[in-house]
Amino acid sequence: MNIKRAKEEIKHTVQAYLQKDEFGNYKIPPVNQRPILLIGPPGIGKTAIMEQVARECQIGLVSYTITHHTRQSAIGLPFIEEKTFGGKEYHVTEYTMSEIIASVYEKIEQTGLKEGILFLDEINCVSETLAPTMLQFLQGKTFGNHKVPDGFIIVSAGNPPEYNRSVREFDIVTLDRVRKMEIEEDFSVFKEYGYRNGIHDAILSYLELKKENFYHIETTVDGKSFVTARGWEDLSRMMYLYEELELPIDEELIFQYLQYKKTAKDFASYYELYKKYKTEYRINDILNGSEKIEAFTKLQEANFDEKLSVISLFLGKLTEMFKKVDFMDQFVNDLFEKLTEIKEQLLSEESVEKADTILLQYVQKKEEERVAKKKGGLLGKEAEKVALLVEKLLYDYVYRLKEKGILQKEEAMNVIREEFQKEIEKREAILEQAKEQLKIAFDFMEENFGQSQEMVIFLTELTANYYSMNYIREYGSEEYYRYHKDLLLSERKEELIRDIQMIL
C-alpha cells in the first residue's frame, strides 16, 4: 500500500481502538489491541503521517527512534528492592521506569491528553541486547516492568532488509501479534501531498516528466546512493529560501539532498531550463496583467518537456494565489467566530468590565489555548499562523479602543465592525485577483494550445490540486466548467503523455 492508504488505516485503527462501551471501558481491551508495524523504505513519510493522525484525531503523540536507545534507557536501570515472601525477606531486582514509558506519562501531564500514539521508528534495527526487549514490547506492551498506559496505541516502523543491513527479522510469534502494513513509495501520493504542502513547482513538474527519478536507493562498490521523498521535500524548502535570497541553486546544492549524482545533475539542468522558461514566457507579468497574452510560436513548436514546464509554471503561480485565498478564508472565518463571541461578552448584561478590558481578557485566554494546543501537537502550521494573525489583530483592536478612549460597549462594537469590514475588503480583493489570474491562464492556454492535449493536462492538474479545486468548488470558474465539459480529464492524461513521449 502507499503512505496515504497507510495513514487512513492508522487513523481508522486509532478511532476503533479508542471506542468505549457504556461503562467507559475500551471495546477492544488494550491487551488485545494489536500494535501496528509499518515496514517500508526510508524517507517516504512514516513519521509525518503519525503527526497528521495525532493532530486530526486530537490525541497525543510520543515519538522515538529506537536505535538511539540502549537496553538501560528502554527498560530502566536496575536497583535492589527488599520484599517479603512467605514470611521471609528477599532482595529482588527491580527497574526504574523506562525513559520511553516516562515520556508517555510526561506527555499526559503536559497536555492533559490521556489518549495518544506511542510511535517507535526503526524498531527492527535495534542492537542485539535490545532485541528481546522489543519483542517483549510488541507482544506485551511493556518495557521491563512498566506497561504502556491504557489509551496509548502502539505504532512501530522499520525498513526492509534490502535498505538496512542491521535489520532483524521478527519471528512468527511476534508477527502474529501485530498488524503488519507493507508500504511502497508512490509518486502520485507525493504529488498530492506536494500540492497541499507547497513543494516547489519545479520539483513537481520535473518528477511529472521523470517519475522514475522520484525514489532511488542503491548500494554499489562506490557506496550508497539514494533519493527519497524526504530529500525532495527538504530540497524544496531550501530552494524557496535560496530564491528569496537570490543565491545560486546548482548541482552541488542539489546533490546534498538528492544523493544520487545522475538525478542531481539531471534536476539541476532541468531547473536552469525552468528558470529560463519563466523569464522567456513572462509568466509573472502575464498573470499580473502587465503583459498582454500572445501566441508564442516557439512554444507551439517546442518539445513536450518545455510545454509541460510552462504549464507547470502557470499552475505553480496559480497555486500560490489559491493558497492566499484559502488562508484568507480561514483567517476571516476564524476572526468572525471570535468577534461573535466577543460581541456576546460585550453586550452581556452580567458583564461590568470596560470594553477594552473584556476584549483584552478574551484575547489572552485564546492565546493560552493556542499555546496549549501547540504544546500538545494539536495545531498545524497553517492553523497556528491563522491563530497568531487573529490574535495580533485583536490586540490591535484593544490598543485602538484605548487610544480613542472608548469604554462603552456599543461604541466599541461599532469600531470593531468597521475594522472587520477592512478585512472583508482585503479578502474580496484577493478573490478578484485569483479570479482574474485563472481567467488569464485559461486565455493563455487557449491562445497557445487551443483544445489540445496540453489543455487536458492543465485541466487535469487543476482538478488534482487541493487548493485550485477548493477555490473552484467555493467560488466557481466559468472557464474551468466550460473546458471541463468539452475535454477529457484524468483518465486520458497518462495515456496522452505516454503517446507524446513515444512520438518524441
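K83 has Y90 of strand 4 as its bridge partner. This pair belongs to a predicted model, in which strand 3 (residues 78–85) and strand 4 (residues 88–95) run antiparallel to each other and are joined over eight bridges. The two strands make a hairpin, with two residues between them. If you look at the turn itself, you will find G86 there, with a positive phi of about 60°.

## The protein as a whole

Stepping back, the protein is built from 21 helices and 11 strands. Its C-alpha trace spans about 95 × 75 × 45 Å along the principal axes. Of its 504 residues, 48% count as buried. Among contacts between residues at least 6 apart in sequence, 74% join residues at least 24 apart.

What does the outside look like in numbers? The protein exposes about 26600 Å², and carbon and sulfur atoms supply 49% of that area. On the charge side, there are 69 positive and 90 negative side chains, and the centres of these two sets lie 2 Å apart.

In soluble globular proteins, nonpolar side chains tend to be buried together. Here, the largest nonpolar core has 90 residues, and I10, W232, F267 and F458 are the ones with the most contacts inside it. Which helix gives the most to this core? That is helix 14 (residues 304–346), with 11 residues.

## Helix 7 and the glycine after it

Helix 7 covers residues 187–197, and its buried residues include F187, V189 and F190. K191, G194 and Y195 are buried in this helix too. Just after helix 7 comes G198, which takes a positive phi of about 75°.

## N465, between two helices

N465 sits in the loop between helix 18 (453–464) and helix 19 (466–475).

For a sense of distance, compare N465 with S452. The two are 13 residues apart in sequence, and their C-alpha atoms are 20 Å apart in space.

## Two loop residues with positive phi

Q58 is not a glycine, yet it has a positive phi of about 55°. Its place is the loop between helix 2 (46–57) and strand 2 (60–65). With a relative accessible area of 38%, Q58 is partly exposed.

E246 also has a positive phi, of about 55°, without being a glycine. You will find E246 in the loop between helix 9 (229–244) and helix 10 (251–257). How exposed is E246? Its relative accessibility is 71%, so E246 counts as exposed, the cut-off for that being over 50%.

Technical notes. Residues are numbered from 1 along each chain as its sequence is written. This is a predicted model: local features need pLDDT of at least 70, side-chain atom pairs count only at pLDDT 80 or more; totals for chains, interfaces and linings use all residues. Side-chain values use heavy atoms; hydrogens and water are left out. A nonpolar core is a set of buried Ala, Val, Leu, Ile, Met, Phe, Trp, Tyr and Cys residues joined through side-chain atoms within 4.5 Å. Buried means under 20% relative accessible area, exposed over 50%, partly exposed in between (1.4 Å probe, protein chains only). Helices (H or I, at least four residues) and strands (E, at least two) are DSSP runs, numbered from the N terminus. Contact means heavy atoms within 4.5 Å. Accessible areas come from the Shrake-Rupley method with a 1.4 Å probe; for residues, only the protein chains shown count as cover. Lys and Arg count as positive and Asp and Glu as negative; His and the chain ends are not counted. The place of a charge is taken as NZ of Lys, CZ of Arg, CG of Asp or CD of Glu. Two strands pair if DSSP finds at least two bridges between them.
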